[in-house]
Amino acid sequence: MNNQKIEFLKSKQSEIMRKVILSLVLVLSTSTFFAQSVFDKFDGQDDIATVIVNKKMFSLLSKMEVKDKETQQYVNLIKKLDNLKVFVTSSDKKADEMKAVSEKYIKTASLEELMRVTEKGKSVKIFVKSGSTESQIRELMMFVEGGPKDESVLMSLTGDFDLNELSILTDKMNLPGGAELKKASKAKSK
């Protein structure tokens, strides 16, 4: 009977450990799931242009054969990226909705402000979640309002990358707000 009790206790202990590990995994991955779903509501909406690039596409792009140094730097960067989401609208109503969602997300995801620029009716705000070093970034979110085209742009980029590498990405992918990202990477590297 003692062997049965010991086996029963070991079984219970193993079951409890599995539950604890599962709970930790769920808690640690919740912010990732939230990040993926909070902005997805803008995908497919009228008056919002959307660009979404997932890990699989970045993986495929990273297998390109390259001959020049600049393109090799681009390939090295995209290996480090998980998701890129860009939403662009000229609708004031949609812009207000995107702004409200992004402001709420900034608080819940504990993003820190990297840079803010306001000039000539254009406002640019860039927030990040830092990685293991000061220049390493796990998540970058940018919100741009106004400007010459009177468009609002919401961009979310996740992965494990160096902020200094972003100018390469903005050049190669011709992203909205690319000039502001270049300024941010230069400001952070100083």
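**View 1. Contacts across the whole chain.** In this predicted model, 60% of the contacts with a separation of 6 or more are made by residues 24 or more positions apart. Of the 190 residues, 39% are buried. The chain exposes about 11,700 Å², and carbon and sulfur atoms supply 53% of that area.

**View 2. The largest nonpolar core.** Here you can look into a core of 24 residues. Those with the most contacts inside this core are Leu81, Leu84, Leu140, Met142, Met155, Leu157 and Phe161. Which helices and strands each supply at least two residues of this core? They are the helices α2 (55-61) and α3 (69-78), together with the strands β2 (81-89), β4 (122-130), β5 (136-146) and β6 (152-162). Apart from this core lies another, of 15 residues, with Ile48, Phe87, Tyr105 and Leu111 among them.

**View 3. A close look at Phe161.** Which residues does Phe161 touch, if we leave out those up to four places away in sequence? Its partners are Leu77, Lys80, Leu81, Ser135, Gln136, Ile137, Leu140 and Leu166. Two of these partners, Leu81 and Leu140, are listed with Phe161 among the residues with the most contacts inside the largest core.

**View 4. Strand β5 and its two partners.** Start with β5 itself: nine of its eleven residues are buried, leaving this strand mostly covered. β4 and β5 run antiparallel and are joined by nine bridges. Follow the chain from β4 to β5 and you pass through a hairpin of five residues.

**View 5. An aromatic pair, Phe39 and Tyr105.** The model has two aromatic pairs. In the one shown here, the ring centres of Phe39 and Tyr105 are 5.2 Å apart and the ring planes meet at 70°, so the pair is edge-to-face. Phe39 sits in the loop between α1 (2-38) and β1 (48-53), while Tyr105 belongs to helix α4 (residues 92-108), so the pair ties together parts that are 66 residues apart in sequence. Are these two residues buried or exposed? Both Phe39 and Tyr105 are buried.

Note on methods: Residues are numbered from 1 along each chain as its sequence is written. This is a predicted model: local features need pLDDT of at least 70, side-chain atom pairs count only at pLDDT 80 or more; totals for chains, interfaces and linings use all residues. Side-chain values use heavy atoms; hydrogens and water are left out. A nonpolar core is a set of buried Ala, Val, Leu, Ile, Met, Phe, Trp, Tyr and Cys residues joined through side-chain atoms within 4.5 Å. Buried means under 20% relative accessible area, exposed over 50%, partly exposed in between (1.4 Å probe, protein chains only). Helices (H or I, at least four residues) and strands (E, at least two) are DSSP runs, numbered from the N terminus. Contact means heavy atoms within 4.5 Å. Two strands pair if DSSP finds at least two bridges between them. Rings of Phe, Tyr and Trp (its six-membered ring) pair if their centres lie within 6.5 Å; planes under 30 degrees apart count as stacked, over 60 as edge-to-face and the rest as tilted. Accessible areas come from the Shrake-Rupley method with a 1.4 Å probe; for residues, only the protein chains shown count as cover.
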